[in-house]
Every structure is written in C-alpha cells, then in structure tokens.
Amino acid sequence: KILVTGANGQLGTVLTKKLAEKYGEENIIASDLNSANNHQFEILDVTDFNALKKIVLKYKITQIYHLAAILSANGEKYPLNTWDINMKTFFNVLEVARLHQVEKVFFPSSIAVFGNNIERINTPQSPNLTPSTVYGISKVAGENWAKYYFDKYGLDVRSIRYPGVIGHQSLPGGGTTDYAVDIFHKAVNNVNFECFLSAETTLPMIYMDDAIRATIELMEAPKNNIKVRTSYNIAGMSFNPKQLTKVIQKTYSTFKVSYKPDFRQQIAESWPMSIDDNNAKQDWNWAPKYNLETMAEDMIHHLKEKYEKENCFI
Ligand code: VAH
C-alpha cells in the first residue's frame, strides 16, 4: 500500500490519481492537512510523528511518496518555519519507514538545490551545492539525509530534482516557477498577464505528464540501477517568459504580457537555465516527451475544455 503526503498539492493531485489508476484505488492512501474526497483519504499533519505512524500501521504502508512541503517563494517569507516544516516532515517519514518496514520512499528535490556558483547552462549532476533559498537548503539537506538512510539502514529512498512543473490539472502554490502555469490560465481567459519574472529569465521546466512519468519510472526501476542516492537531475525543456508568450500568441494573438519582477527574480537568477540529466538517462532510461510547443498546445487544449465545461471564465 502506498501513502502520499501533500496529496492536495500541485504534484500530489496528479500523482495520486495516476498511482490509483496504476496500482488500484484500494492500494493508495492520500493525505493532506485538509480533506479531499476523491480517494481513500486521511487528514495528516506530517510534522506529527505519531499521527503518521498510526496511518502507516493502520494500512500496512509499504511505500511513501512524501510531497508535503513549502515551496521556494513562500519559504522566503517564513524561513525558520519552512526549515522546520520541510525537515521535520521528512525526518518523520524516514524514521517511520526505518522502524516500520516501509520498503521505498520518494523524496522530491528541486533545481533550487543549485545556487549562485554553478554553471547555469547544462548544470551538471554534482557541482558544489550552495542554495540561495531556505527551500533549497532544506532540499540539499533532505537529499543528504536520503543518502544517509540508504547507506546506513538500507532504506530505499529515491529522489528527483524537479524543474518547474507545468500542468493543467492543478495550481502551484508559492513557487518561483508558478508564472508558467498562471500565464496559461490568463491567456485562455483573454486576460492580460503581469509576470513577476523578467522577459529573459530562462529556467528549466517540465510538463506534468513527464514529471509524473519520471517519478513512477524512477520508483519502478530495479534497485541496482539507482546509482545516485542523493537526487537525480532531470530535464524537460528550458524557456523564458518571452519565448513562452510567443508560443501562446500563436493561438491567442492579442494576448499581452507585462513585466514586473519582484523578489522572485533574484531566486530565479540563482537557478540553472538548463540541466544535464545524463545520469537519469543512463541509470533508468529517462527521456522527456514534451517540448515547449507540444506542452503549450496540450495546456491550452485542456484549459479551454476545463473553462468551457465549467462555464466559468476568470
Ligand atoms: C518552486 N516549483 O518554484 C518549485 C520548484 C523548480 C523549483 O521546486 O519553488
């Protein structure tokens, strides 16, 4: 049985659904701070070890996807809380897994582990990590704890450094790459968009379908293939707001974007522009399917359908 924490979040919503399709609804337990009705669901604050343990024992959980966390931009507003929440929850997951026969743990890391001193183009797997945000610091620490639990206790923790994730199914909350989702919602609604990053800010991104597929492929790969026990770089596509706008304007020719960079600009500038994901390719055959054009086409198609169906444009 699989437990997903943060199941109501941007990734959690889509991953939980996919896992349920793949392994059967009866084998998936979704959890988050607030309830949602579409799966077997437990209200869970993962900072509470005993509450987590109770659920793990109740369902005889064998795998945990630990997606509950505070993202980069929100993290900068509450640095110490973010550290406490992101670390405490992961320690609880690692400990409960170690003590109660959980076989596999998934830990989401991020391109936020890289900081100002890196090669920003084709950023390699293992440069010196000097993250610029509390979120990034917590991810680097998490990656090292993942490796520690594997080396010391043999706990099979696997991890991906996600680029910015773009999907039509859910909304991100409090990240630096959120603009790339928001912009589509505005375009489809014929509303102009004010972008909090400057036009030329290139970042690595990935389409939701690819991100979810990568996660499941990594988790299903034979144990011996997993050579990177911190976290794998994976790449999807790279673009800046100006390039994204141009592609959207192929469908919505009058769509306009204005630029008003805020504190998130500085965060974005400390992150890679593109990612070298050779280790993931070699070890578990990672390959993205979507590029900027096909991603944008799919986003627009689905969001149009969604807003038309609900008949409630923003
Ligand atoms: C954020 N989307 O912006 C997240 C992510 C690629 C960075 O981890 O905080």
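In which sense, parallel or antiparallel, do strands β1 and β2 pair? Strand β1 (residues 2-5) and β2 pair in the parallel sense, over three bridges, where pairing requires that DSSP finds at least two bridges between two strands and where strands are DSSP runs (E, at least two residues), as helices are (H or I, at least four), numbered from the N terminus. Between them the chain passes through helix α1 (residues 10-23), and this β-α-β crossover is right-handed, a term for a path from the first strand over the helix to the second that runs clockwise with the strands pointing away from the viewer.

This is a predicted model, in which local features need pLDDT of at least 70 and side-chain atom pairs count only at pLDDT 80 or more, while totals for chains, interfaces and linings use all residues. Residues are numbered from 1 along each chain as its sequence is written.

On its other pairing, β2 runs parallel to strand β3; the table sets out both.

| β3 (residues 40-43) | four | Glu-42 with Ser-31 |

Strand β2 itself (residues 28-32) is mostly covered, five of its five residues being buried, that is, having 20 or more other C-beta atoms within 10 Å of their own, with C-beta atoms placed from the backbone (12 or fewer would be exposed, and in between partly exposed). Ile-28, Ala-30 and Asp-32 point one way from β2, whereas Ile-29 and Ser-31 point the other way.
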